[in-house]
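User: I have a few questions about how terms are applied in this structure. Please set each value against its cut-off.
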Amino acid sequence: MSAIDLVALAGARRDEVDRQMTVCNACRYCEGLCAVFPAMELRKTFAAGDLDYLANLCHDCGACYYDCQYAPPHDFAINVPVAMADLREETYAAYAWPGAIAPLFRVNGLFIALALVLAVAVFVAGFALMADRSALFQAGTEPGAFYRVMPHNAMVVLFGGAFLFALISIGLSVRAFWRAAGPMPVTMPSLWRAARDAGSLRYLDGGGMGCNNAGERPDDRRRLYHHLAFYGFLLCLASTTTGTLFHYLLDWPAPYPWWTPVKIFGVLGGIGLVAGPLGLMREKAQRAEAISTGNGGLGAAFLWVLVLLGGTGLLLTVLRGTPAMGLLLAVHLGVVFAFFVTMPYGKFVHGLYRFAALMRHAHEQVAAHGVLPDPPRQPLPRTDGS
């Protein structure tokens with residue numbers, strides 16, 4: 001799909017969200033379910049940036065579909081979860097930088113990620129074979145063992161460069177997304193409130209009853225799996241950061257004993273990165289057909305990369321005392337590189353866009369009401385009588 005086709009598709013999906021939000025703004029029955037509807041009520045018309053903002057503010061809990069009196073088979077055919085999910089997927093490419101690369105990942109995300117894993121793993125293995133053929137098949141538990149496979153400075157250049165590119169690209173993308181809905185300052189109260197709401201997944205509860213994923217009966221499984229993936233990633237980041245400090249401040253190179261914070265954070269984080277994404281894939285497979293979308297390419301690529309990231313890290317921890325250490329390290333480094341390169345062009349950015357949307361929502365509500373009102377914790381009655 002070309003960049004022109006993607007622009008046309010995004011425009012059509014914005015038109016559909018605009019139509020549905022116009023109907024919802026007249027009805028307002030679902031205003032207590034999440035942040036989308038109070039944000040919608042502050043607008044009489046919806047510019048493109050407003051629609052992208054609302055799409056990323058939506059947490060896809062599905063509650064509004066089951067509460068809506070205008071849902072299919074009504075002629076209005078209101079299905080906010082699907083309309084928002086379709087548009088939200090388009091925003092990842094719309095604001096990506098460089099924009100010319102985004103269509104490649106939009107269509108071939110999983111293939112590109114796996115190809116990068118294989119290419120870098122072969123490169124690292126070949127690097128080791130040329131330097132020291134035996135290094136690739138030696139056990140390694142002593143400090144510095146990993147750098148027999150690939151020297152530390154070479155790792156820093158290759159993976160540091162990829163990570164720096166990802167940070168710059170993501171920063172420019174988030175800035176473009178933030179500006180699209182209009183200028184707005186970033187304040188400490190809005191930043192703090194967004195951090196609270198994002199950290200607890202406040203709006204993945206359908207107004208208090210849970211997520212309507214598989215049907216009319218809500219549950220909290222999607223929230224649990226999101227937490228496992230998110231906090232697993234943060235623990236892995238803490239592990240990497242701690243390892244960097246150990247290396248440069250204590251002159252203590254990897255790998256590290258099991259009792260160090262590096263390994264404790266890494267093992268717990270790796271478990272989260274495997275369990276959370278696998279759980280989310282299971283929930284996606286069980287999602288009710290009425291609120292399910294076909295835009296699973298970017299999401300599937302991101303989740304599988306997370307599973308590989310956590311899984312290869314755990315295997316490396318368990319088997320580093322065996323001759324498989326070198327090959328496992330090469331594969332794990334390949335996954336890390338693929339993760340860095342694909343970060344700006346897939347589902348990773350949805351968390352950052354959503355955080356930005358939560359900040360805007362907090363600021364708008366304070367500006368409109370003087371305080372940030374909490375959404376009602378007494379949910380509206382559901383159509384299933386619960």
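User: In which helix is the place of L57?

Analyst: This is a predicted model: local features need pLDDT of at least 70, side-chain atom pairs count only at pLDDT 80 or more, and totals for chains, interfaces and linings use all residues. Residues are numbered from 1 along each chain as its sequence is written, and side-chain values use heavy atoms, without hydrogens and water. L57 sits in helix α3, residues 48–57. Helices are DSSP runs (H or I, at least four residues), numbered from the N terminus.

User: Why is L57 called buried?

Analyst: Its relative accessible area is 1%. Buried means under 20%, exposed over 50%, partly exposed in between (1.4 Å probe, protein chains only). Therefore L57 counts as buried.

User: Which residues does L57 contact, leaving aside neighbours within four places in sequence?

Analyst: A35, V36, A39, A357, L358 and H361. Contact means heavy atoms within 4.5 Å.

User: Why is R223 called buried?

Analyst: R223 has a relative accessible area of 18%, so it is buried. R223 belongs to helix α10, residues 221–249. Its side chain reaches the backbone oxygen of L201 at 3.2 Å. Not counting residues up to four places away in sequence, R223 touches S200, L201, R202, L204 and D205.

User: Is L245 buried or partly exposed, and why?

Analyst: L245 has 45% relative accessibility, so it counts as partly exposed. This residue also lies in α10.

Definitions and conventions: Helices (H or I, at least four residues) and strands (E, at least two) are DSSP runs, numbered from the N terminus. A polar contact is a pair of N or O atoms within 3.5 Å; within protein, one must be able to donate a hydrogen and the other to accept it, and residues adjacent in sequence count only if both atoms are side-chain atoms.
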